[in-house]
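Here are a few notes to go with the model you're about to open. Have a look at it first, then read on.

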Amino acid sequence: RDISLILRVCGMVCELQLNLEEVMDVKESPAGHGLYENTRLLNDDLLYAAMRGESDKVQEALQGGANANVNDGRFGICALSFGAVAGDMIMVTQLLTKGADPCLVDNFGILPAHRSAQFGFEDVTSKIVKAMLERQPAKHNRSAKAAKCFSEFLGVVVDKGWCDMARDLYAWWCKADATKPVPVLLHWVEL
């Protein structure tokens, strides 16, 4: 492990980092910091390409070993959400194939499928929802913020006339039993 010391030298605050030989060997090895740095750069490339709508570069990053669930640090928006909001079926398919979690909510509580539905991308929304239906709602999907956003998402789907998708989403939220209403979704029982 590195040892960092904060020192004051001539009125300036300085950091002195002591590197033990064993630590340096691990840090510089392909399996140590080198691997971490390479993965971090691939994840950055993936996120940047997803933000710019460059599905070819997304594929390159994924093939290089980038994490399909990478998200921006500030808002927690994942690469899948960037593909979804652009209606980019190629990118969404690439990310889902490489293990992107369609049930991840960002820091606002919004699902990737909600983003694509808002812009009317029915085919992309449907693909993400089908992937969601293969999983159970996670704890982060049931938070108050996520529940409110899910209710709004369900409203968008109903307003678009995507009734089968709305029923599937409601059943997913209720853990596959749409006959047992969840308090935040009581007004959707009449689907």
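Predicted model: local features only at pLDDT ≥ 70, side-chain atom pairs only at ≥ 80, totals over all residues.

How do the axes of helix α7 and helix α9 cross, and within what distance do they come?

1. The axes of α7 (residues 122–133) and α9 (residues 163–173) come within 11 Å and cross at roughly 30°. That angle makes α7 roughly parallel to α9, a label for angles under 35 degrees. Axes here are lines fitted to C-alpha atoms over the stretch in contact, with angles running from 0 to 180 degrees between N-to-C directions.

2. Who does the touching? On the α7 side, Glu122, Thr125, Ser126, Val129, Met132 and Leu133 make the contact, and on the α9 side, Met165, Asp168, Leu169 and Trp172 (contact means heavy atoms within 4.5 Å). By class, the contact of α7 with α9 has 6 nonpolar, 2 polar and 2 charged residues.

3. Residues are numbered from 1 along each chain as its sequence is written, and side-chain values use heavy atoms, leaving out hydrogens and water.

4. Zooming out, the chain has 9 helices and 2 strands (DSSP runs of at least four residues for helices and at least two for strands). From the N terminus, the order is β-β-α-α-α-α-α-α-α-α-α.

5. As for burial, 40% of the chain's 191 residues count as buried, meaning under 20% relative accessible area with a 1.4 Å probe. Among contacts between residues at least 6 apart in sequence, 58% join residues at least 24 apart.

Note on methods
Parallel < 35°, antiparallel > 145°, perpendicular 65-115°, else oblique. Nonpolar A, V, L, I, M, F, W, Y, C, P; charged D, E, K, R; others polar. Buried < 20%, exposed > 50% of the residue type's maximum accessible area, 1.4 Å probe, protein only.
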